[in-house]
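Let us walk through this structure step by step. Keep the sequence and the 3D view side by side.

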Amino acid sequence: MKKQVLVLSALLAMISLFAFTAKYGFLYPAHFPKPVYHFNNNTLSKAKIELGRVLFYDPMLSKDGSISCASCHSSYNAFAHTDHDLSHGINDQIGFRNAPALFNLAWQQQFMWDGAINHLDMQALAPITHPKEMGENIIDVVSKIQSSTLYKTLFKNAYNDTLVTGERLLKAMSQFQLTLVSSESKYDKVIKKQASFTEQEQRGYTLFKQHCNSCHTEPLFSNYSFANNGLPVDSTLNDFGKMNITQKKEDSILFKIPTLRNLSYTFPYMHDGRFKKLNEVLHHYTQGIKHSATLAVQLKNSIYLSPYQKTDLMAFILTLNDSAFVFNPNHKYPHHILSANPNKIPANKL
Amino acid sequence: MRYVVAIFMLSLTFCSEVMAQQVQVSFTPKWNNETLVLGKYYPILNSNDSLRVDVVKFYITNISLWKQGKQIYNCPIKHQLINIETNNVIDLNIPHQMSYDTIQFFVGTDSLTNTLGAMSGDLDAMQGMYWAWQSGYINVKIEGASSICNTRKNVFQYHLGGYLSPNQSRQQVIFATTNHRININILFDEILQLQTLQNVPEVMSPGNQAVINIQRFKQALKPTE
């Protein structure tokens, strides 16, 4: 009886920890806000998620069959591109922005560092068509996939027929990316009362709330808005962020605020990958801010952190690493499908 | 009894089809009163140069029919892509004996549609009418070439869209008509004027130039008498 009560208590605890939107099949933790993605327009299914996962890892989406989404968004880097300041593309071309980490996308309304994309479904079009990334177009991608026997099976499983359309392809890719939820870090466990911060981490948490939380708002550790964080413009890139899209001078040097989750896996940092180490990032915020007309109001007054405080803050930031997410086998290269079908693409379609 | 119900249902279907009438809305590209053929060269007014038009695609949305200021018909298919190369006709099935004095539609998609993510049919990104590098539909696409254009391969490209204020590009069009065959000429000699081709041969992003050009496109729509 005692055992049954314990099991029941554990089950109730589990239920209280997770909100489960059974209708759309999307699981997210109770301490997260409500997602902004409209699942009613793209109800998750196992088969569609699997299709999206294969597409995500398939270099067929690029012009020459050499680059997949995962080339710049690898699972073991929390779907960022560690060690590369700027993204890579076909023919060894270098792009002009740091590939951002992909997770917790259901809580984001605007994508890309400059907010150019307004919906997750349409995001994949940007790298697919960019001449320095995948250099392809959606019509040819659909044509290649339509000719693949592997995808005939995957589309049949997902949509009950083999018809490949841009809509189906893009929505399947969204489905896989929506499953990339990072919510099992030590911080999350503390919030769920399954763990405790050390004294140093707790001091760091207090500093975080004092200096960082207004932009890197917990529990997602970003408010996903846009800000000028005082970085001088790199003259080799001349990237003015959101202003490139809106053409408004008040948007000059505004970039999307990235999450602070999984930073140990996602270096280098900033939109142009200029900082390789977190110490450099802290140094920037305490001593490197360049004042300009659009500087975020939170950064107009200097932030002072002693070396001890920096260490404490760093200790807290490291509690945001989520190894369970990074090593989740459901997110990795789908060997069981892609390796089993090495000749899936007709040669004349490459 | 089952047969009686089936026959009744069939007769209802038959009657509703008989009772419907069709209104056809067509778009005809023109150059100096001549029907414009894609890929064919035409002399530019006030110039010794010529041009050819290769692509003309645009969205017609929210078609409605009105009588004495009241809307009496709203087309159930909200977005229709006109591609002059393949399809320049929209068919409307309206109730029998419905009469109207005005047709109203928009050139371009509404702002909500631009934020809904991946769509099917005429709105599928495969139609080549969705910007990839930023979100939003291209409401009007006109491409071609002219030696007067100081661009690579002398091309002109007008990809006209934009759904955010202050550069919303969607245009409302209202014509008085009672016809069931409504042909609307698109006067390309008014759209592709000498100065436009010389000064702004390419518009590829939302903004003021896109709005100016799509307004010019709207003004060049003339119903045939």
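**A loop, a helix and a core**

P166(B) sits in the loop between β10 and β11 of chain B. Helices (H or I, at least four residues) and strands (E, at least two) are DSSP runs, numbered from the N terminus. The peptide bond between S165(B) and P166(B) is cis, with omega about 5 degrees.

This is a predicted model, where local features need pLDDT of at least 70, side-chain atom pairs count only at pLDDT 80 or more, and totals for chains, interfaces and linings use all residues. Residues are numbered from 1 along each chain as its sequence is written, while chains are lettered from A and ligands numbered from 1 in the order in which they are written.

Chain A has a cis bond too, from E218(A) to P219(A), with omega near 5 degrees. P219(A) is in the loop between α10 (199-211) and β3 (226-227) of chain A.

Now find helix α4 of chain B, residues 208-219. Its twelve residues reach 17 Å from first C-alpha to last, close to the 16 Å expected at 1.5 Å a residue. The expected span is 1.5 Å times one less than the number of residues. Which residues of α4(B) are buried? They are A210(B), V211(B), N213(B), I214(B) and F217(B). A residue is buried if 20 or more other C-beta atoms lie within 10 Å of its own, exposed if 12 or fewer, and partly exposed in between, with C-beta atoms placed from the backbone. The buried residues of α4(B) pack against several elements of chain B, including β8 (102-107), β9 (138-146) and β10 (155-161).

Next comes the largest nonpolar core, with 97 residues. A nonpolar core is a set of buried Ala, Val, Leu, Ile, Met, Phe, Trp, Tyr and Cys residues joined through C-beta atoms within 7 Å. L55(A), L125(A), M173(A), Y130(B) and V140(B) touch the most other members. Strand β4 (residues 50-67) of chain B gives the largest share, eight residues.

β4(B) pairs with β6(B) in the antiparallel sense over five bridges. Two strands pair if DSSP finds at least two bridges between them. F58(B) stands opposite I82(B) in β6(B). In β6(B), residues 79-83, four of the five residues are buried.

Q247(A) and N262(A) each have a positive phi of about 60 degrees, though neither is a glycine. Q247(A) is partly exposed, with 13 other C-beta atoms within 10 Å. N262(A) is buried, because 23 C-beta neighbours lie inside 10 Å.

Methods. Two residues are in contact if their C-beta atoms, placed from the backbone, lie within 7 Å.
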